[in-house]
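Hi everyone, thanks for making time this morning. Let me put the sequence and the model up on the screen, and then we'll walk through the charged pairs, the sheet and the core.

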Amino acid sequence: MSIAINLLDVPPTGLQIHHEVSPSDLLLSHDEGIPIGNLSCHGDLFLTGERSAHFQGKISGRMARECVRCLDQFEEDLSLSCEVEFKKAVKAVNVIVPHRDKGKGAKGRDKSVDDNATEEDVYPITGNEIDLLPAIREQVILATPLQSLCNENCLGLCQVCGSNLNDGICGCCTPVTSSAPVPIQQTISKKHPSKRSSISARRGS
């Protein structure tokens with residue numbers, strides 16, 4: 001599946017784009033989220049030169065994600081801006097390596113005339129067409145949070161029994177109340193009963 005757009009159909013004032021992208025078209029992994037229904041992509045495509053074009057728009061919809069703390073699935077809205085550059089690849093030319101570099105075993109190397117055409121954030125123009133789908137997919141992946149949380153105050157799972165603590169405190173997580181401190185004299189008497197007896201005898205005498 002692709003979202004092919006012929007640049008010959010783009011007027012000087014730009015072309016309005018609106019596409020519905022299905023989850024099967026995006027091919028996202030489980031960690032990247034699962035679209036709930038289609039994602040909507042709308043915006044404007046402009047020609048910025050004989051070999052370049054620019055798309056500016058928005059991607060919106062809903063995503064299902066898994067919370068990293070409690071492992072429950074939750075839903076959230078997706079709304080992100082999208083700006084993408086497209087450039088037509090330039091034929092590579094053979095660059096002659098100077099004589100001092102010939103000892104390395106290479107007589108020449110392929111170098112593109114337009115170095116910017118190899119940037120990672122630039123997508124190719126093939127013939128007179130662009131494919132908007134790979135750009136949409138990458139933008140959705142980049143919007144994936146590093147740690148998806150159902151809410152900021154998620155309590156996670158009990159490390160003993162695995163219960164979801166958002167549903168209530170489990171038995172193994174019952175807080176232990178500390179007893180009142182034992183007087184030091186009682187501690188001494190338990191450890192050294194003979195000393196207490198001798199102290200009492202001296203007081204009585």
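Let's begin with Glu76, which has a relative accessible area of 28% and is therefore partly exposed. On that scale buried means under 20% relative accessible area, exposed means over 50%, and partly exposed is in between, using a 1.4 Å probe and protein chains only. Before I go on, a word on the source: this is a predicted model, where local features need pLDDT of at least 70 and side-chain atom pairs count only at pLDDT 80 or more, while totals for chains, interfaces and linings use all residues. Residues are numbered from 1 along each chain as its sequence is written, and side-chain values use heavy atoms, with hydrogens and water left out.

So, which side chain does Glu76 meet in a salt bridge? The partner is Arg65, at 2.5 Å from N to O. Glu76 sits in strand E6 and Arg65 in strand E5, so this pair ties together parts that are 11 residues apart in sequence. When I say salt bridge, I mean a side-chain nitrogen of Lys or Arg within 4 Å of a carboxyl oxygen of Asp or Glu. Helices (H or I, at least four residues) and strands (E, at least two) are DSSP runs, numbered from the N terminus. Arg65 itself is buried, with a relative accessible area of 5%.

How many salt bridges are there by this rule? The count comes to 3. Glu75 meets Arg62 at 3.1 Å, N to O. Here Glu75 belongs to strand E6 and Arg62 to strand E5, so the pair connects parts 13 residues apart in sequence. Arg62 also forms a salt bridge with Asp77, and there the closest N and O atoms are 2.4 Å apart. That pair links distant parts of the chain too, with Arg62 in strand E5 and Asp77 in strand E6, 15 residues apart. Put together, Arg62, Glu75 and Asp77 form a network of salt bridges. As for accessibility, Arg62 counts as partly exposed at 30%, Glu75 is partly exposed at 47%, and Asp77 counts as exposed at 57%.

Now a charged residue without such a partner. Glu32 is in the loop between helix H1 (23–26) and strand E3 (34–35). Glu32 is buried yet has no salt bridge, and the nearest side chain of opposite charge, Arg137, is 4.5 Å away. For charges, Lys and Arg count as positive and Asp and Glu as negative, while His and the chain ends are not counted. What does the side chain of Glu32 reach? It reaches the backbone nitrogen of Ser29, at 2.9 Å. Leaving aside neighbours within four places in sequence, Glu32 is in contact (heavy atoms within 4.5 Å) with Met63, Arg65, Ile141 and Thr144.

That brings us to Met63, in strand E5. Is Met63 buried or exposed? At 0% relative accessibility, Met63 counts as buried. Not counting residues up to four places away in sequence, its contacts include Glu32, Leu39, Glu76 and Val140. The C-alpha atoms of Met63 and Leu39 are separated by 9.1 Å, with the two residues 24 apart along the chain.

On to the strands. Two strands pair if DSSP finds at least two bridges between them. E5 and E6 pair in the antiparallel sense over 15 bridges, with Ser52 partnered by Lys87 in E6. E4 and E5 also run antiparallel, joined by 9 bridges, and a hairpin of 2 residues connects them. E2 and E4 are antiparallel with 7 bridges, whereas E6 and E9 run parallel with 4 bridges.

Last, the core. A nonpolar core is a set of buried Ala, Val, Leu, Ile, Met, Phe, Trp, Tyr and Cys residues joined through side-chain atoms within 4.5 Å. The largest has 28 residues, and those touching the most other members are Leu45, Phe55, Ile59, Phe86, Leu132, Ile136 and Val140. Elements that each supply at least two residues include strand E2 (15–21), strand E4 (39–49) and helix H2 (133–142). Which element gives the most to this core? E6 does, with 5 residues.

Methods: A polar contact is a pair of N or O atoms within 3.5 Å; within protein, one must be able to donate a hydrogen and the other to accept it, and residues adjacent in sequence count only if both atoms are side-chain atoms.
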